[in-house]
Amino acid sequence: MRILVGVGGGIAAYKAAELVRTLGVRGHEVQVAMTRAAGEFVRPLTFASLTGRKVITDLFSEEGPIEHIAVARDNDVLVVAPATADLMAKFACGLADDFLTTTFLAFTGKVVLAPAMNSAMWLHPATQANLSTLERRGCSIVSPSDGWLACREMGPGRLAEPAAIVEHVEALMRTKRDFEGENFLITAGPTQEALDPIRYISNRSSGKMGYAIADAAARRGASVVLVSGPVSLTPPPQVELVSVRTAQEMRKAVMDHLAEATIVVKNAAVADYYVASVPQQKLKKTAARLSLELDPTPDILAEVGEKKGDRLLVGFAAETENLVEEARRKMLSKHCDMLVANLVNREGLGFEADNNEVEIITRGGKTAHAGPAGKRQIAEQILDQIALLRLTLRAVDASA
Ligand code: PMT
């Protein structure tokens, strides 16, 4: 792939060097363009050494104007990392006062933005509005992560890891449209079960796995409804988002959208228990021990399993031991066609993490293994297995 990497003027510009190096190692042709401010953080020589090409730093050079139209035309994808608040504002407004902003306007291929900035700047309504505008216009966003920022604060705004940006770009450019005509209903994230008006029980699900599946399914041509518990992720473009908080709300949203669904993927980490009668007032702290009476939440997957008809039903299992045995038991008891099982007690995998490793089990007894790898890549592999299973089930139907 021919990739134009636009480097914005933020401290995360130093990470763009690793991004450019990795893209090159993976066989892509990379051209770098830097803003003037980016040059304050990293020298063009760094990128020139990594790409073996002159870095574009200005609209004009000694030899005359740089052909931004030709650069825009000659690249398959424009990746901007770090995409600063200033750059996103300019892109959203259509300002064209340097090489990168001018090329952005002239670029007709896919655009990937990897924002990075201080948390307050990221959360500012102006930045979020610009982000929404750019997403609506088709830019693909690699969301920043939470963590330690250069301004010595913790919070959202840290540039996604270069490997995650590479994975995002490669996934975006895959052209398979093998789910055209399918309607996916996907659940993701945790649920929150109230204890009183301000407190709740929940779990560490970030939604990353479910959102990656939704994004991949939409890019592969499916129409996607994503029922999501509370997470801090930007919903993928071309996906209908239904936001819910509790298990009961998730159940209702799933049942409301079940009739149109042809493939259901239950990735959400639904709370198993809730407080049936939530007090109206905040629980008071006393010296006495507090006991909570919890009731089981509705098992949404089991209910979908009972009503599944000829839909393809994929469940998930989060286990800390006996992964395959437990997964198989859940698959059969909840009438799933496929179950994706992950161990969730390993550092850097499963809940919250960017990576995962899964066993994919089907009713016919076939198993496949995916990972450890980024959740986007795992999502693609899960979809590949769903496509295979769909073929098998169709063949069985045809021979019946
Ligand atoms: O969100 P991330 O941070 O990216 O992490 C991803 C993940 C680890 C949460 C995800 O990959 C995962 O494992 N999701 C399933 C979590 C879970 O609730 O597993 P379980 O084994 O407790 O439930 C089995 C299945 O029943 C799941 O499909 C679940 O959605 C469903 N269920 C469970 C309880 C309930 N009341 N209703 C349900 O539908």
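Student: Where is Thr297 found?

Tutor: Thr297 sits in the loop between strand S17 (295–296) and helix H12 (300–306). Helices (H or I, at least four residues) and strands (E, at least two) are DSSP runs, numbered from the N terminus. A word on the source: this is a predicted model, where local features need pLDDT of at least 70, side-chain atom pairs count only at pLDDT 80 or more, and totals for chains, interfaces and linings use all residues. Residues are numbered from 1 along each chain as its sequence is written, and side-chain values use heavy atoms, with hydrogens and water left out.

Student: Why is Thr297 called buried?

Tutor: Its relative accessible area is 13%, and buried means under 20% (exposed is over 50%, partly exposed in between, with a 1.4 Å probe and protein chains only). Therefore Thr297 counts as buried.

Student: Which residues does Thr297 touch, not counting those up to four places away in sequence?

Tutor: Thr297 touches Glu193, Ala247, Ala271, Asp272, Tyr273 and Tyr274; contact means heavy atoms within 4.5 Å.

Student: What makes the contact between the side chains of Thr101 and Asp98 a polar contact?

Tutor: The distance is 2.5 Å. The definition asks for a pair of N or O atoms within 3.5 Å; within protein, one must be able to donate a hydrogen and the other to accept it, and residues adjacent in sequence count only if both atoms are side-chain atoms. The side chain of Thr101 also reaches the backbone nitrogen of Asp97, at 3.1 Å. Thr101 itself lies in helix H6 (residues 99–106), and is buried because its relative accessibility is 0%.

Student: Why is helix H10 called oblique to H14?

Tutor: The axes of H10 (residues 208–219) and H14 (residues 375–399) come within 8 Å and cross at roughly 55°. Axes are lines fitted to C-alpha atoms, for helices over the stretch in contact, and angles run from 0 to 180 degrees between N-to-C directions. Under 35 degrees is roughly parallel, over 145 roughly antiparallel, 65 to 115 roughly perpendicular, and the rest oblique. So H10 is oblique to H14.

Student: Which residues of H10 and H14 make the contact?

Tutor: Among them are Met209, Ala212 and Ile213 of H10, and Ile378, Ala379 and Leu383 of H14.

Student: And how do you know that Ala327 is buried?

Tutor: Ala327, in helix H13 (residues 323–333), has 0% relative accessibility, so it counts as buried. Leaving out residues up to four places away in sequence, Ala327 touches Ala317, Leu339, Ala341 and Ile361.
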